[in-house]
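Please keep the sequence and the structure in view while reading.

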Amino acid sequence: MSDRVAIIGAGHVGAATAYALMLRGLFPEIVLIDAITELAAAEAEDILDANALARPARVFAGSYADAAIARVVILTAGAATQGTASRLSVATQSAAIVASCVTQLIDAGFKGILIVAANPVDLMAWTAFRRSSLPSARVIGTGTLLDTCRLRQAIASQLNVAPASVDGVVLGEHGDSEVALLSSIRIGGLTLEKFAPGIVDGGKLAREVRDAGYKIVTGKGYTSFGIATAAVRICEAIVRDERVVLPVSTLLTGQFGVSDLFLSLPCLVGAGGIEQVLIPEMSEAETAALLNSASIIQKAIVGLAIPNMRHE
C-alpha cells in the first residue's frame, strides 16, 4: 500500500476532489480513473498544470491496477440527479455503476480505505460494502458531513460568528429525511435560544440546509465543490490519524435497534478509517426522526437489484 489516492469517476465531483487534494498536498500521487479514459487524462493534465504553482505531486490518469495499491480510494462515479428530483431517484442506476467499480477495484487487490461520495450516498456506501471484502470500518460514506457544514455555516451567518464556533450536527440520510439535531446546537456552550433569543428559526434553517443541494443543482446542473471538500476532509483525518469526530455514513450494527444499513452518525475517524461509532444525546422527536430516516433507507435497499453480492 502506497501514499497514493485514487479517484474513480472523473466527472464534476471527481475532478473537483482531485484538484482539492492537489492543493491540500495530502498525497504525493493522485490517480484519476474513468470509463471515459480521455476525460480522466484531460482532467489529470489540467490539474497537473495547476500543480506547477502548488506542492509537488504526480497527477495522472490510470487504471484499477494503479488504484489497487492506493491508501485511499474515493468513489464518485454514479448517476446524476436532475433538478429537484430526490437523490433516491437514481439509486438503481448508481448502484449498478458502483457495484461494477467496486468489483473491479477489489479484483485488482485493493485493501485500503474506500470513501464513497456517489449519490444516494448511504445506499451507495452499503452497495460498495456488500460488493467488497473490506471491513465496515474501511468503507465510509461522505454522509451528512456536507449537510453539517451547511448547518454550521447558516447559523454562523445569521449570528455573525465564525462557523468553527458553532457546534451542531446533521445525522441520518444524506437526503430528504436527514435530521438536524437542533436541541444540541451550541455556541460557546450556550444553546441557540440563550445565545441569540428569537433570532434563529431552527425548523426553517433545517429545511434550508436539507434543500441546499437541490438549489445548487437547479442553478448550475450539479454540485461539486462542497462534496469534494467533504471527501478531502475525511482523507485528511485518515492521513493525519486525527481521530476526529465527523458525521459520516457508516454501517449500523444495532445502534437504535437498526442493523445492515448505512447512515450518518458521529464517527471517530483516524488512520484505520472509522475507529468508533458514537451515539449522541437526542430528543424523543429527533430519535423518532432518525429511525424514520433509517426506515426510508431500508425500504430503498429492498428495491436495489445488486447481483452476486460477495461480502465476506
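A residue is called buried when its relative accessible area is under 20%, exposed when over 50%, and partly exposed in between, with a 1.4 Å probe and protein chains only. The model is predicted, so local features need pLDDT of at least 70 and side-chain atom pairs count only at pLDDT 80 or more, while totals for chains, interfaces and linings use all residues. Residues are numbered from 1 along each chain as its sequence is written, and side-chain values use heavy atoms, with hydrogens and water left out.

## Two residues in contact

Thr142 counts as buried because its relative accessibility is 1%. Helices (H or I, at least four residues) and strands (E, at least two) are DSSP runs numbered from the N terminus. In these terms, Thr142 lies in the loop between strand E6 (139-141) and H6. Contact means heavy atoms within 4.5 Å. Leaving out residues up to four places away in sequence, Thr142 touches Ile115, Val116, Ala117, Val121, Ile227, Ala231, Ile234, Pro247, Val248 and Ser249.

One of these partners, Ile227, has its place in helix H9 (residues 225-239). Is Ile227 buried or exposed? Ile227 has 9% relative accessibility and therefore counts as buried. Apart from residues up to four places away in sequence, Ile227 touches Val13, Ala117, Thr142 and Leu146. The C-alpha atoms of Ile227 and Gly14 are separated by 9.7 Å, although these residues are 213 residues apart along the chain.

## Helix packing

Two packed helices are described by the angle between their axes and the distance between the axes. Axes are lines fitted to C-alpha atoms, for helices over the stretch in contact, and angles run from 0 to 180 degrees between N-to-C directions. A crossing is left-handed if the near helix is turned anticlockwise from the far one by less than a right angle, and right-handed if clockwise.

The axes of helix H6 (residues 145-159) and helix H8 (residues 202-220) come within 9 Å and cross at roughly 115 degrees. The crossing of H6 and H8 is right-handed. On the H6 side, the contact uses Asp147, Arg150, Leu151, Ala154, Ile155 and Gln158, which meet Leu205, Val209, Ala212, Gly213 and Ile216 in H8. For sorting by class, Ala, Val, Leu, Ile, Met, Phe, Trp, Tyr, Cys and Pro count as nonpolar, Asp, Glu, Lys and Arg as charged, and the others, Gly among them, as polar. The contact of H6 with H8 has 7 nonpolar, 2 polar and 2 charged residues.

H4 and helix H5 (residues 121-131) pack at an angle of about 35 degrees, and their axes are 9 Å apart. H4 passes H5 in a right-handed crossing. Ala91, Ser94, Ala95, Val98, Ala99, Val102 and Thr103 of H4 make this contact with Leu123, Met124, Thr127, Ala128 and Arg131 of H5. By class, the contact of H4 with H5 has 8 nonpolar, 3 polar and 1 charged residues.

## Pockets

Pockets are found on a 1 Å grid over the protein atoms alone: a cavity is a set of points where a 1.4 Å probe fits but cannot get out, and a pocket is an open set with protein on both sides within 12 Å along at least five of seven lines; lining residues have an atom within 4 Å of a point. Grid points are joined across faces, edges and corners, and a volume is the space filled by probe spheres set on the points.

| Pocket | Space | Lining by class |
|---|---|---|
| Largest pocket | About 800 Å³ | 20 nonpolar, 15 polar and 3 charged residues |
| Second largest pocket | About 200 Å³ | 8 nonpolar, 2 polar and 2 charged residues |

The largest pocket is lined by 38 residues, and Val13, Thr76, Gly78, Ala79 and Ala80 lie nearest its centre. Helix H1 (12-24), helix H4 (91-107), H6 and H8 are the elements that give two or more residues to this lining. Which element gives the most to the lining of the largest pocket? H4 does, with 4 residues.

The lining of the second largest pocket includes Arg152, Asp167, Val245, Leu246 and Pro247. Strand E12 (residues 244-253) provides the largest share of that lining, 3 residues.

## Backbone details

A cis peptide bond, with omega about -10 degrees, joins Asn119 and Pro120. Pro120 has its place in the loop between strand E5 (113-116) and H5.

Arg243, in the loop between H9 and E12, has a phi near 50 degrees, a positive value in a residue other than glycine. Its relative accessible area is 43%, so Arg243 is partly exposed.
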